[in-house]
Amino acid sequence: MAAITGSLTERIQGTIGRRFNWQYFLQDNITGSWLLTVWVIILALATMALTIRQMGTFPTETTLILVIWSIGILLAVAEGLHIRHSRVGRWLKTNLLSSVSNTLLTLFIMLVLYALAYSIWQWAVVNATFDENAVAPKDRNPDGATWGVIAGAWDLLMVGRFPREALWRVRTVVIFFILLGGLSLIVNKIGLWARSKLVRSIFTVFWLLSPVVVYILLAGVPAEGAFVSISSLIIGEIVVLGTFAFLWWQKVIKFSWLSLIGWTLFWPVAYIAWRAIGRSGLFPPINVSLWGGLMLTLIIATSVILLSFPMGMVLALGRRSEVRGIPWWIIWPVAIIATIWGLSTSTSEILAAPRNTFEKIIAFWPLLIIVFAYILQRTFQGNVIAATSAAVIEFVRGVPLITLLFMGIIMAPFFMPEGITLENIWAVILGYAFFSAAYMAELIRGGLQALPRGQFDAADAIGLNSLQKMRFIILPQALRIVIPGIVGQFIGSFKSSSLVAIVGLAELLGVVTLIVSNPAWLGLRQELFVFIGIIYFTGSFIMSWYSRRMETQLGVGQR
Amino acid sequence: MAQTAPPPQTELQAQQSVPFWRDTRILGIFAQIGFIILVIFILRILASNFAANTDRLGEAQFICRDGTFSYLCAYDFMSTEAGFDISDTILDYENTDPYWSAFYNGILNSLRVGLLAVVLTTFLGLFVGIVRLSSNWLVNKIALAYIELFRNTPLLLQLFFIYFTIILALPPIKEALQPLGLPIFLANRGLSIPSPQFTSSAAVWIAFLVMAVIQFQVVWILLGRQEEKTGRPSNRWGWGIIAFLLVAGIGWFVAGAVANTQGMLTLKANRIQELDDLERVIMRRADLNFLEDVDTLPAEEIAAAAFKLCVLRDSASETNLSRQLRAKGIPYTVRRFDRVDQVTEAYVAEECEAFAASKSVLAAERSTLENPNSHSIVNVREQPIVWSIPVLEGLNIAGGARLRPEFTALLIGLTLFYGASLAEIVRAGIQSVTKGQNEAARALGLNESQRLRLVVMPQALKVIIPPLIGVYLSLMKDTSLGIAIGFPDMYAVTFTTINQSGRALPGMILMMLVYLTISLVFSLILNWYNERSKMVER
């Protein structure tokens, strides 16, 4: 016996040899510093306590975990002492079991994860009911999820209170986009996009028309009114031809009889087609406040991005404007005169009546004119355009989003001309687009700043005017830099569109309140939130992944 | 080598002077003037629409107190009675207070949850960001899962989830959860935690604390000089802390002994001159020889013999006295009132035997009684800080601080969401430190925590701070989401104010001004800090 154990210890000692030193091992792993010792002791106690508790509830699984853990330790030790090399052992040693504290931590985490996974599995699968019709409170299992509510409320979740008999229009929109997107991808992959100008034009036209198509299908075209109104025809024609003339005069578009005919015919054809569609009654109008669910989320997110792009561009270009500012000898006298006038009229009028402290302070508002004049002069060198753009951007970024949405809804009736009412949803989209435009402006400004100044100078040197410079040189390069940021904004809009639930629109998150108010689905919030969370998570995750891929494809930062 | 003669002067001048209608400088000024005119024009249109619509829609917005119409009376309504309740306030607020008071309470609520969330988010973000780079694969992936989960779902969804499915799903107070046996109660009406209450002797103690801090500084500096002279490490952290604790400890006892402000009003006939006499009183009532036997009696006898105490609600005197009574094992019952005159009424009606409060209050009350000399004020010792421990009493929890479910849900939701964003920023900052720094630190023999603390974090902080400013600002603005779960922050209060009073435009403008001010102040402070710690480039 002694011979066997003796030879065993000799064999072990022989294998280990001088590769292992107890002192160094203890120092590195346990006794190196007070903190380390305390941490290892706490971990050991906590892990032991947890193991004992888990043994009580899941004996077999806990034993299995302990066995796996021990095997892992053996493999890692074998790797560490160079007794036996294995890929698994190496990976374990570097990543999971590199020190005593890490080993204990791994076991602790494995046990906690198992307990967590087990309870989630119990709730979501084992105790859950999946029947769409057995969702009433008496048919539910209190320990499990009632997934029937997802199937039952599917329509509400997807389209809100959209009229059920008109759902074919929503399906048409979905099919339209799948076809258009799919065909664009295919055409891109087979190289037809790069080669044929005709294909490019056709697909561009279809993509540009898609918002109109969506609007016609989802909101309908009203049928009343005269078939053709000559005044709108003429005014529209003047606007279109005027834009064409302006672009030709600025040498951004080449003149050709074909394009002239195209531009001239564009407005009458579109207008008459619109009226014809309305007259035919194919797409009767749908109350826009009935939109809801995932459809509304996507509409809000896309509209916001599309609208905020031009607004953001205007703000960014304004912020960067370098026109010569108004000189100080105009600003200061005007400011002082305005202040004195304000103090003498408005302040004295306010202070005439009894006021509380806050109102007394507000009464001195003319002094702000001096402050504004100082900032205008000092920071912006008197450039009113840059100052206004910066002020708008900072204002919009300094207030919470729901205040802007709320302001849109409350203020819209006050500022609209008589007789025009703005639906809540358009007011919300407008307010949100303002908010997004401020962030977009900062992104675009960053993109413009990232361009080498030589590009601007070279464009000036070869004689391009401002519009040509923007259209042909600056914007193509700047947009390539800015596109990942824009995709990030879109992902942010997709998630933040949930905030419109607070102002009463029933998009994906807001429709939950609607669903839960149905007595059959009372109190089933958990299941709905989990489902909606999965939708948001998948959407955002896929879009972020795609954006990262696009960044490498576009070669951002490398060219 | 004929040199071309320079063009004649007049031609050059003709080439150099640009006609004024093409001169960009003058065009620039015209553009600005045109811009100002355009802005004024748009404002005129909006103003005229506004005036026209005000007649139709919003005349009530600008009605003065005397019924006349004037734009200057926009904020007169703020002094009128609010008429709505706010569930969670720091200051006392009744629904008869003016709108100003409600608005002010809303601002305090927003700041309360915002600043606390900022502190917690910083800790959580730093922790998870550093952990995200851990060498333990499991820990690393768990941090990644947390970050991805919380960044890819909307904040509002997370708030709803936490509020409806976690906080409101907690048990009712009768069965409140008590994690690990600590005096912390989790129930669906709120989270009760022990809270410190300051008695009047706290002022003395704080003076001693200030002296203790000075003491710490003195020891620190002296030992630092010694370090420099001898070159050997002196354990100045340890000595400094010992000095601090010494002075603070002395201050604690001195404050308790010197302060003489807490007292108990009771009948002289009870013959209680100090707190120990109560033992005698209880023993006599319950007919016991030893006070410890009180536990052996049935509950009704204990209740009959118990000392009846009346106090003001949430007062430090109650916590102070009850702590001492508990320490002595004296059974007592407490009745709490909201106002001092209510307590005096109960005392006079002999519903309670003693009124515990500060001596000045007791002296004032005693002078209002019929026969002041038949009542005496017994001295009660005090500590500078007494801990109010929540205790389950029947259907309620007495003592401690109650954090409402809305406040807790908003705090937790904001912390988790912005902690994930901050973790990504911290990770990017740490990874921005070049690899050579890490290798050099290891080559010098620094261990992992020293490397992180002394080499990596100072450099990483310079990269972390600008996006950190954005995170803090977004956090402060997102406290407005409290309205979705019922927390009365400034947005919610303004919303109710607008609904109640009908004054939409003035209310909105005021609220946005306050948010702008908060954003501006935060932004200025953080930008100043950023300027201070910016990377000095050579």
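The model is a predicted one. Asn29(A) sits in helix α2 of chain A, which covers residues 22-31. Setting aside neighbours within four places in sequence, Asn29(A) is in contact with Leu36(A), Val40(A), Ser99(A) and Val100(A).

Val399(A) is found in the loop between α18 and α19 of chain A. With a relative accessible area of 0%, Val399(A) is buried. Apart from neighbours within four places in sequence, Val399(A) is in contact with Leu404(A) and Phe435(A) in chain A, and with Lys477(B), Met512(B), Tyr515(B) and Leu516(B) in chain B. Val399(A) and Phe435(A) are separated by 36 residues in sequence, while their C-alpha atoms are 9.2 Å apart in space.

The next topic is the interface as a whole. The size of an interface is often given as the accessible area lost when the parts come together. Chain A and chain B bury about 5,300 Å² between them, and 73% of this area is on carbon and sulfur atoms. The contact involves 63 residues from chain A and 57 residues from chain B. How many salt bridges does the rule find across the interface of chain A and chain B? The number is zero. Polar contacts are found there: seven residue pairs across the interface of chain A and chain B, with both residues at pLDDT 80 or more. On the side of chain A that touches chain B, the elements giving two or more residues are α5 (87-96), α6 (100-126), α15 (328-352), α16 (357-362), α18 (384-398), α19 (401-415) and α24 (525-554). Of the elements on this side, α24(A) gives the most, with eleven residues. The loop that holds Val399(A) runs between α18 and α19 of chain A, and both of these helices are among the elements listed for this side.

Charged pairs come next. Side chains of opposite charge can pair when their charged atoms come close. Over all chains, a search of the whole structure finds 18 salt bridges. One of the pairs in chain A is Asp155(A) with Arg164(A), whose side chains meet at 3.8 Å, N to O. Asp155(A) counts as partly exposed because its relative accessibility is 33%, and Arg164(A) also falls in the partly exposed class, at 36%.

In chain B, Arg280(B) forms a salt bridge with Asp277(B), with 3.6 Å between the closest N and O atoms. Both residues of this pair, Arg280(B) and Asp277(B), lie in helix α8 (residues 277-286) of chain B, three residues apart, about one turn of the helix. Are these two partners buried or exposed? Arg280(B) is partly exposed, at 37% relative accessibility, whereas Asp277(B) is buried, at 13%.

Another pair in chain B is Glu424(B) with Arg427(B), where the closest N and O atoms are 3.0 Å apart. Glu424(B) and Arg427(B) both belong to helix α13 (residues 405-432) of chain B, and they too are three residues apart, about one turn of the helix. Glu424(B) has a relative accessible area of 17%, so it is buried. In chain A, salt bridges that share partners join Arg397(A), Glu442(A) and Arg445(A) into one network.

Two loop residues of chain A deserve a check of their backbone angles. Lys251(A) is not a glycine, yet has a positive phi of about 65°. Its place is the loop between α12 (230-249) and α13 (257-280) of chain A, and Lys251(A) counts as exposed because its relative accessibility is 58%. Gln381(A), also not a glycine, has a positive phi of about 55°. Gln381(A) lies in the loop between α17 (367-380) and α18 of chain A and is exposed, with a relative accessible area of 52%.

The last stop is the surface of chain B. Phe20(B), Trp21(B), Ile26(B), Leu27(B), Phe30(B), Ile33(B) and Ile37(B) form a nonpolar patch there, with about 740 Å² of accessible area together. One of these residues, Ile26(B), is located in helix α2 (residues 24-58) of chain B. Ile26(B) has a relative accessibility of 33% and therefore counts as partly exposed.

Conventions
Residues are numbered from 1 along each chain as its sequence is written. Chains are lettered from A and ligands numbered from 1 in the order in which they are written. This is a predicted model: local features need pLDDT of at least 70, side-chain atom pairs count only at pLDDT 80 or more; totals for chains, interfaces and linings use all residues. Side-chain values use heavy atoms; hydrogens and water are left out. Patches are made of residues with over 30% relative accessible area and no salt bridge: like charges are joined within 9 Å, nonpolar side chains (Val, Leu, Ile, Met, Phe, Trp, Tyr) within 5 Å. Accessible areas come from the Shrake-Rupley method with a 1.4 Å probe; for residues, only the protein chains shown count as cover. A salt bridge is a side-chain nitrogen of Lys or Arg within 4 Å of a carboxyl oxygen of Asp or Glu. Helices (H or I, at least four residues) and strands (E, at least two) are DSSP runs, numbered from the N terminus. Buried means under 20% relative accessible area, exposed over 50%, partly exposed in between (1.4 Å probe, protein chains only). Contact means heavy atoms within 4.5 Å. Buried area is the accessible area (1.4 Å probe) that two parts lose on being put together, summed over both. A polar contact is a pair of N or O atoms within 3.5 Å; within protein, one must be able to donate a hydrogen and the other to accept it, and residues adjacent in sequence count only if both atoms are side-chain atoms.
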